[in-house]
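Please open the structure in your viewer and keep the selection tool at hand. The tour below goes from stop to stop, saying what to select and then what is there.

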Amino acid sequence: MTTAPRERPRDPDPARNPDHARYPDSAGLVAIRRGSLSLLLHRRSAAVVAVLVVLLAGVMLLAACVGQTYVPPGEVWRVLRGHPGPYDLIVGELRVPRIVLGALVGAALGMSGALVQTVTRNPLASPDVIGVGHGAAAATVLALATGTVASPGALPAVSVAGGLAAAALVYVLAWRHGMQPSRFVLTGVGIGVALSAVVQLYLTESELAAAEQVKLWLTGSLNGRGWDQAVPLTWVLLLTLPALVWASRALRPLGLDPDTAAALGVRVHRTQLALTVLGVILAATATGAAGPIGFIALTAPQLSRRLTRSPQLPLTTSALTGALILVTADLTARTLMPPLEIPVGALTALVGGPYLLWLLTHNNHPR
C-alpha cells in the first residue's frame, strides 16, 4: 500500500525562503469572495481591531464618568439617550464633545502618520517632519500678530491653511525628477526649523496675554473644545473615506522597494503624491482642531504594526490606536493633578518620547 507524500513544511530560514522573511505572518491572510467582490483579510489584524474597539469604548465611557464630579455609567447612558437629568451640563456639554473630538483627532493623526511613514519609508517620520505642525503654528501666530483674524473661531481654518501651505512648499522644494524620501524629509526638517523660528520671534516680541494664548495652543489641548471643532473634522473624515479605502490598498505595494512596486504596475510618484496629500489634509485638520499634538502620528502606526504583525502599516488599526492613545492621555491629563489640567500635547510628548526610543531600540521589526 502506498501513502501520499506529506506536504513539505514551510522553511522558516530567510536565506532559503525570502517570502517568509518579508511576510512572517502571511499564513494569517484569508481571501473572502462574494460574487465579483473579493477581500483579503488578515485574521490577526481583524482580532486586534475588535480588541481596540472594545478598549476605546471602555476608555471613552470611563472618561465620561471620571472627573472632579463622578458620574455613574447609568447616568452617562441616560444623557446619551437624550433624557434630561442633573448631569446634562457635565456629560452632554463638557465631557462627551471633548471625548469625541479626542477620538477623531487621534484617529486622523494615526492614519496621517501611517501614510507619511509609508511614503517616506521612515518609521521616525511624521506630519510634523514635513512641516504640517510648524506651518499651522506659523500661520496662527502671523494671523494673531497682524490682526488678520479677529475671531478665535477662525483660527482652526487659518492653521489648516498654514499646514497645507507648508507641506506644499516642502514638496515643491524636494521635487527633483521625482520624489526621493530622504530629500523630502530633510527639506521638511529645514522648513520646520525656519517656521519654528518665526513662532519663537513672535513669542519674544508679543505682549504677555497674546504669548500665553499662543503657547497654550502650541502645546496642544482639548480643553474648551467640543462640537465646533469635532463637526468639521468629522466631515473631513467622511469626505476622505473613499480616498482612505483606496489608500489602504495602495499602501501594500509601496511597502516594497520602488522598483518592485513599479514592476507591479504601480505609478509610484503619483501614488506617493496622492498619499502625501491625503496625510497632510488629515494632519492639518486635526492640528487645526486641537493644536499640534506630538507623538500620536509618530508612534500609533508603529504600535499598530507590531500588534498586527502585518507587512505594511495598517490604516484602520493606526486610527484606532491613535484614538485610544489620545483619549487615554486626555483623561490622564485632566485627572492627574486636579483641579489643574495638563495640556494633553505636553503629556503625550513627555511620556511618548522615551517610550518610542525604547520601542525602536528593542524591537525594530515586528516578528
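Begin by selecting valine 59, which lies in helix H2, the helix made of residues 43-65. Keep in mind throughout that the model on your screen is a predicted one. Is valine 59 buried or exposed? Its relative accessibility is 17%, and because residues under 20% are classed as buried, valine 59 counts as buried. If you set aside the neighbours within four places in sequence, the residues in contact with valine 59 are Leu324, Val327 and Thr328.

For the second stop, select helix H4, residues 88-120, together with helix H13, residues 296-308, whose axes come within 7 Å of each other and cross at roughly 75°.

Next, select helix H9, residues 227-239, which has 13 residues and reaches 18 Å from its first C-alpha to its last, close to the 18 Å expected at 1.5 Å a residue. Which residues of H9 are buried? They are Gln229, Ala230, Leu233, Val236 and Leu237, and because they cover an arc of only 125° around the axis, they sit on the same side of H9. An α-helix has 3.6 residues a turn, so residues three or four places apart point the same way. Turn the view to the other side of H9, and you will find Asp228, Trp235 and Leu239, which are exposed. The buried residues of H9 pack against H4, helix H10 (241-254) and helix H12 (268-290).

Finally, select asparagine 223, which is placed in the loop between helix H8 (208-219) and H9. With a relative accessible area of 46%, asparagine 223 is partly exposed. Its C-alpha atom is separated by 9.4 Å from that of isoleucine 342, which is 119 residues away along the chain. Leaving aside neighbours within four places in sequence, asparagine 223 is in contact with Arg98 and Glu341.

Methods. Residues numbered from 1 in each chain as written. Predicted model: local features only at pLDDT ≥ 70, side-chain atom pairs only at ≥ 80, totals over all residues. Heavy atoms only, no water. Helix = DSSP H or I, 4+ residues; strand = E, 2+ residues; numbered from the N terminus. Buried < 20%, exposed > 50% of the residue type's maximum accessible area, 1.4 Å probe, protein only. Contact = heavy atoms within 4.5 Å. Axes fitted to C-alpha atoms, helices over the stretch in contact; angles between N-to-C directions. Expected span 1.5 Å × (residues − 1). Arc of directions from axis to C-beta.
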